[in-house]
Amino acid sequence: MSSGAGISTTLSTSDVEFFNANGYVGPFALCSPDEMSEWRERIVRDVLATHPPHNIREQSRHLDSRIVYDLCSHPAIVDRMTAILGPDLVLWRSNFFTKEPGGLEIPWHQDFGFWPIDPAINVSAWLAIDEATPRNSCVQLIPGSHKTQLPMVKALPGMAFDKMTDPAYVDQTLCLDMPLKPGEFFLFNECTLHHSNANTSDQRRMGLAVRVTVPCVKIDHDQIFAGHKAIQLVGRDDFKLNRMTDPPKMR
């Protein structure tokens, strides 16, 4: 199966400047929509239909599934992240966000408020497994919102999360849709405000979020789940702060 060979995996200086100013950059192509259809079939059949050792079907499947690890560690993602975070990268989490027709709204939030990492340094890639459009609730962003950590409050009834960014600090007039074809992704900062509407369409929207930090960040593994570990994606770990493991084996 092809993995997008030949596609540029670098960020230009202007890309990095854009990320620093706006808290996100992209979209970019990891692979074509046709190639992603092959990945999608394997994800549904061999990953989401199985129970992992940690028993959380849509979280951190890069630890037990080579399919998921290969997506998380793809040069299209990793090479661009090194331009932002440097040469030493740690894969500490991944999440499938599958929003079926009728799926709930995800409230405006900044990711740092949900994560047991200190300090909160992270770049996420949001990779479209299915097509993501405004109709089936693609991610929405507020450019520049990453510059301030905003207070959180209890989420409104009917939301997918139990807390959200205080609406008094969210200027939705600045909202930007991030539509993606299957195989496309964007990168965003741990403090970038983002959101997705309820899925009122008849089309599923599945994405894979890839969470990457640096070795000087301490991960509270047990808050994620018992036995959680991280994987060194590239470079070296001179800090030895975290529980580490090897990538899953090829099958």
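Phenylalanine 28 counts as buried because its relative accessibility is 13%, where buried means under 20% relative accessible area, exposed over 50% and partly exposed in between, with a 1.4 Å probe and protein chains only. The structure is a predicted model, in which local features need pLDDT of at least 70 and side-chain atom pairs count only at pLDDT 80 or more, while totals for chains, interfaces and linings use all residues. Residues are numbered from 1 along each chain as its sequence is written, and side-chain values use heavy atoms, with hydrogens and water left out.

Phenylalanine 28 has a partner worth a look. The structure holds 5 aromatic pairs, that is, rings of Phe, Tyr and Trp (its six-membered ring) with centres within 6.5 Å; planes under 30 degrees apart count as stacked, over 60 as edge-to-face and the rest as tilted. In one of the pairs, the ring centres of phenylalanine 28 and phenylalanine 185 lie 5.8 Å apart with planes at 45°, so the pair is tilted. Phenylalanine 28 belongs to strand β1 (residues 24–29) and phenylalanine 185 to strand β10 (residues 184–189), so that distant parts of the chain, 157 residues apart, are linked. Phenylalanine 185 is also buried, at 0% relative accessible area.

Of the 251 residues, 51% count as buried. In helix α4 (residues 75–85), the buried residues are Ala76, Ile77, Val78, Arg80 and Met81. Just after α4, glycine 86 adopts a positive phi of about 105°.

Note on methods. Helices (H or I, at least four residues) and strands (E, at least two) are DSSP runs, numbered from the N terminus.
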